[in-house]
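Reader: I am new to looking at protein models. Could you take me through one, feature by feature?

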Amino acid sequence: MHNLVSSGTAAVTIALASAGIGAGDEVIIPTFTFVASFEAVLMLGAIPILVDIDDTLTLDPEAVKKAITPKTKAIMPVHMCGSMANLDALQSICKTHNLILIEDSSQATGATYKGKPLGSIGDLGCLSLDYVKIITCGEGGAVLTNNESYYKNADHFSDHGHDHVGNDRGAETHPFLGYNFRISELHAAVGLAQLRRLDEFVSIQKKNYTIIREALSTIPEVTFRTVPEGGEESYSFLSFFLPDLEIARKVSEAFRENGIDACFHYYDNNWHYIREWQHLKDLKTLYPLSAEIEEGLQYLKTKQFPQSDHYIGRNISCLIKLSWTEDEVKERARKMVRCINEELS
Ligand SMILES: *Cc1c(COP(=O)(O)O)cnc(C)c1O
């Protein structure tokens, strides 16, 4: 079951609310994600607990275990850059500790785990259809769930709490408070047309990804992100590791100088990685925050994430585009190999 909504950020907010997560509850999220993850948690008065990633570039199950407290209500892996968290491991932690698993699959539409689409495996899943995502409708998102009551909650909550019973909208009642996170029919229509092309997009991405990956595989110092067993990427990014932070910085610079665009070294990036989220660490808001949040986020003033730094510092993730010709991809791959080899020698 799914609810189409106004954005991916709305989808995450609705998923959390539908599962009853709110004031003072702790939600485990990764240090490498998009700012939307903590925005959604904070909006409900809950506390984002940032936890280390591993070589999957997503939540490290061992670090998750250590972060669980009596206040923890949910674990929210974010399937960054077209691949996924170890969902079996996270699901088993959720079972043991009676926690809710919410997948943010905004960046991995089209990827699968053990034959199932990402976003359909946890208690709830979230997709984004914004203008940079794998399929897009301009702005939009979706909440996925197999749980009838979460589905109903999401349906009502995203439309002012209206119960959607009968044919007279004006006569609908409100079992609980909600907001307006509706998608428009115009946007939804574009989304449906894009959805029909998802398999085609993934197969083009796979072809382009494979050409570049095979070229980079000739360099012994380059290793690739781990995809959990049973997982298949959406091939929307190729993510690889270099030997250390310095080399990664130099390669990233060399890529830029040589016109290899759309490659990200997230270590110094303020959209996606904890190091540069100063506004979160300083709790800069337009309005007063609840005492629970102020207190609950104190840990961010001092906490270091050396394990996350170890992976993100050495990682470069390159977008795989649909519009490239085969010649362009091959030329790009050749240039990337040359840049990396020059920085390694
Ligand atoms: C894009 C994105 C979102 C939010 O999506 P919007 O539709 O832009 O609100 C949430 N999480 C992740 C990981 C994203 O990449």
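Author: We will go through the domains, then the nonpolar cores, and then the packing of helices. This is a predicted model, in which local features need pLDDT of at least 70 and side-chain atom pairs count only at pLDDT 80 or more, while totals for chains, interfaces and linings use all residues. Residues are numbered from 1 along each chain as its sequence is written, and side-chain values use heavy atoms, with hydrogens and water left out.

Reader: Into which domains is the chain divided?

Author: Domain bounds come from an automatic or database domain assignment, and here they give domain 1 (2-195) and domain 2 (198-344). The centres of the two domains, taken over C-alpha atoms, are separated by 23 Å. Contact means heavy atoms within 4.5 Å, and 44 residues of domain 1 are in contact with 41 residues of domain 2.

Reader: Which residues touch the most other members of the largest nonpolar core?

Author: A nonpolar core is a set of buried Ala, Val, Leu, Ile, Met, Phe, Trp, Tyr and Cys residues joined through side-chain atoms within 4.5 Å, where buried means under 20% relative accessible area (1.4 Å probe, protein chains only). The largest one has 74 residues, and those touching the most other members are Leu16, Ile21, Val27, Ile28, Phe32, Ile75 and Ile102. Helix α1 (residues 8-18) gives the most to this core, with six residues; helices here are DSSP runs (H or I, at least four residues), numbered from the N terminus. Because domain 1 and domain 2 both give residues to this core, it lies between them. A second, separate core of 38 residues includes Ile134, Ile247, Trp324 and Ile340.

Reader: How is the packing of two helices described?

Author: Two packed helices are described by the angle between their axes and the distance between the axes. Axes are lines fitted to C-alpha atoms, for helices over the stretch in contact, and angles run from 0 to 180 degrees between N-to-C directions. The axes of α1 and helix α2 (residues 36-43) come within 9 Å and cross at roughly 40°. Angles under 35 degrees count as roughly parallel, over 145 as roughly antiparallel, 65 to 115 as roughly perpendicular and the rest as oblique, and α1 and α2 are therefore oblique to each other.

Reader: Which other helix packs with α1, and at what angle?

Author: Helix α5 (residues 148-157) packs with α1 at about 125°, their axes being 9 Å apart, and these two helices are therefore oblique to each other. Their contact is made by Ile14, Ala17 and Ser18 of α1 and by Tyr150, Asn153, Ala154 and Phe157 of α5.

Methods
Buried means under 20% relative accessible area, exposed over 50%, partly exposed in between (1.4 Å probe, protein chains only).
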